[in-house]
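This briefing sets out selected structural features of one protein chain for computational work. The sequence and coordinates come first, followed by notes grouped by topic.

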Amino acid sequence: MKKTLITGAAGFLGSHLCDRFIAEGHHVIGMDNLITGDIKNIEHLFHLKRFEFFHHDVTKFVHVPGKMDYILHFASPASPIDYLKIPIETLKVGSLGTLNLLGLARDHGARILVASTSEVYGDPLVHPQNEEYYGNVSPIGPRGVYDEAKRFMESITMAYHRHHGLDTRIVRIFNTYGSRMRLNDGRVVPAFMGQALRGEDLTVFGDGSQSRSFTYIDDQIEGIYRLLMSDYVEPINIGNPDETTILEFAEEIIKLTGTDQKIVFKPLPQDDPMQRQPDISRAKEILDWEPKVHRSEGLKKVFEYFKSLSDEKLWEAHREFLP
């Protein structure tokens, strides 16, 4: 039986990865410090003998006894609201956390996949973004704490691959949506749906002309799994090239939810990227992967999930973090 460690296991992507690797017959060790994750996302796995959970911060020394086949490093705040509130922790998990897990992978002879992001492209001057593009990132801007943490993660991962011969993979994840997202995490899909369900106006930053490309969770998990099981060590974009503007997307949400809220406009945050669309030629060629779930289908599923949440979750405030 393969043994797989998944960090950030109680988060949105991490919890779905736990489900997938359990389904694939792996023994899964989930690790999370629960600073942004939710233990409820993985409670359904606790009765399984093939699942363990370690409440641990990966920026501290990481020890897992016994053999280890795979490590997937997904521990990190991922929403702007979170990483702007805890910038130091965000930088540390991308640097110290990655260093600790690369060391663990080396000790165990394990293959490690690290979760990078489309944010390494910053506010791109190339459209769509392919893996050869180096990006347009402000290292001292407010979003730099997340962008540069991920860029460092990629650099140190490739250094371990080249210098130590470590078996590494790098996935660049584009905007992903699905069940287990927090309604209040600040990302546009839960933000718009939460506002619609609460009867609030939908907030668009800027004039809404900025674009995004949304990937349904099932497609994202499939792409990550295929990359891990491939022999490819360079970064690969996993995302949906079906691009839409934020204003068009807000109108889609109003139509989907059957609400009659207005769209209100607020100033665009500093360094917010104006375009985001993946070039997935590499994923198609190397992984035989492309997204299957159309946005209209995926959004219906997510809306049903959000509608099923309790009033407490619907009206839950943004998380506060201790200094």
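Trp 289 is placed in the loop between H8 and H9, where helices (H or I, at least four residues) and strands (E, at least two) are DSSP runs numbered from the N terminus. At 2% relative accessibility, Trp 289 counts as buried; buried means under 20% relative accessible area, exposed over 50%, and partly exposed in between (1.4 Å probe, protein chains only). Trp 289 and Arg 226 are 63 residues apart in sequence, yet their C-alpha atoms are 7.9 Å apart in space.

The model is predicted: local features need pLDDT of at least 70, side-chain atom pairs count only at pLDDT 80 or more, and totals for chains, interfaces and linings use all residues. Residues are numbered from 1 along each chain as its sequence is written, and side-chain values use heavy atoms, with hydrogens and water left out.

**Record annotation**

- An unreviewed UniProt entry places the feature "domain: NAD-dependent epimerase/dehydratase" at residues 5–239; UniProt positions are given in the numbering used here, feature names are shortened, and annotations may be inferred rather than shown by experiment.
- Over residues 5–239 the chain is 35% helix and 19% strand, with the end C-alpha atoms 24 Å apart.

**Salt bridges**

- Side chains of opposite charge can pair when their charged atoms come close.
- The structure holds 26 salt bridges, each defined as a side-chain nitrogen of Lys or Arg within 4 Å of a carboxyl oxygen of Asp or Glu.
- One of them joins Arg 143 to Glu 119, with the closest N and O atoms 3.1 Å apart. This pair links distant parts of the chain: both residues lie in the loop between E5 and H4, 24 residues apart. Arg 143 is buried at 8% relative accessible area, and Glu 119 is buried at 12%.
- Arg 226 forms a salt bridge with Glu 222, at 2.7 Å from N to O. Both residues belong to helix H6 (residues 217–228) and are four residues apart, about one turn of the helix. Arg 226 is partly exposed at 31% relative accessibility, as is Glu 222 at 22%.
- Glu 252 and Arg 295 meet in a salt bridge at 2.6 Å, N to O. Distant parts of the chain are linked here: Glu 252 is in helix H7 (residues 246–257) and Arg 295 in helix H9 (residues 295–307), 43 residues apart. Glu 252 is partly exposed at 27% relative accessibility, whereas Arg 295 is buried at 9%.
- Salt bridges that share partners join Glu 119, Arg 143, Arg 212, Asp 272 and Arg 276 into one network.

**Aromatic rings and charges over them**

- Rings of Phe, Tyr and Trp (its six-membered ring) pair if their centres lie within 6.5 Å; planes under 30 degrees apart count as stacked, over 60 as edge-to-face and the rest as tilted.
- By this rule the count comes to 10 aromatic pairs.
- Among them is the tilted pair of Tyr 121 and Phe 174, at 6.2 Å centre to centre and 40° between the planes. Tyr 121 lies in the loop between strand E5 (111–117) and helix H4 (144–164), and Phe 174 in the loop between strand E6 (168–173) and strand E7 (176–177), 53 residues apart. Tyr 121 is buried at 0% relative accessibility, and Phe 174 is buried at 1%.
- Phe 46, Phe 51 and Phe 53 are linked into a cluster by ring pairs.
- Arg 20 lies over the face of Tyr 225, 4.3 Å from the ring centre; a charge sits over a ring if NZ of Lys or CZ of Arg is within 6 Å of the ring centre and within 35 degrees of the ring normal.

**Backbone geometry**

- Most residues other than glycine have a negative phi, and most peptide bonds are trans.
- His 127 and Pro 128 are joined by a cis peptide bond, with omega about -10°. Pro 128 lies in the loop between E5 and H4.
- Leu 34 has a positive phi, near 65°. Leu 34 is in the loop between strand E2 (27–32) and strand E3 (51–55) and is partly exposed at 27% relative accessibility.
- Arg 180, also not a glycine, has a positive phi of about 80°. Arg 180 is in the loop between E7 and helix H5 (188–197) and counts as buried at 18% relative accessibility.
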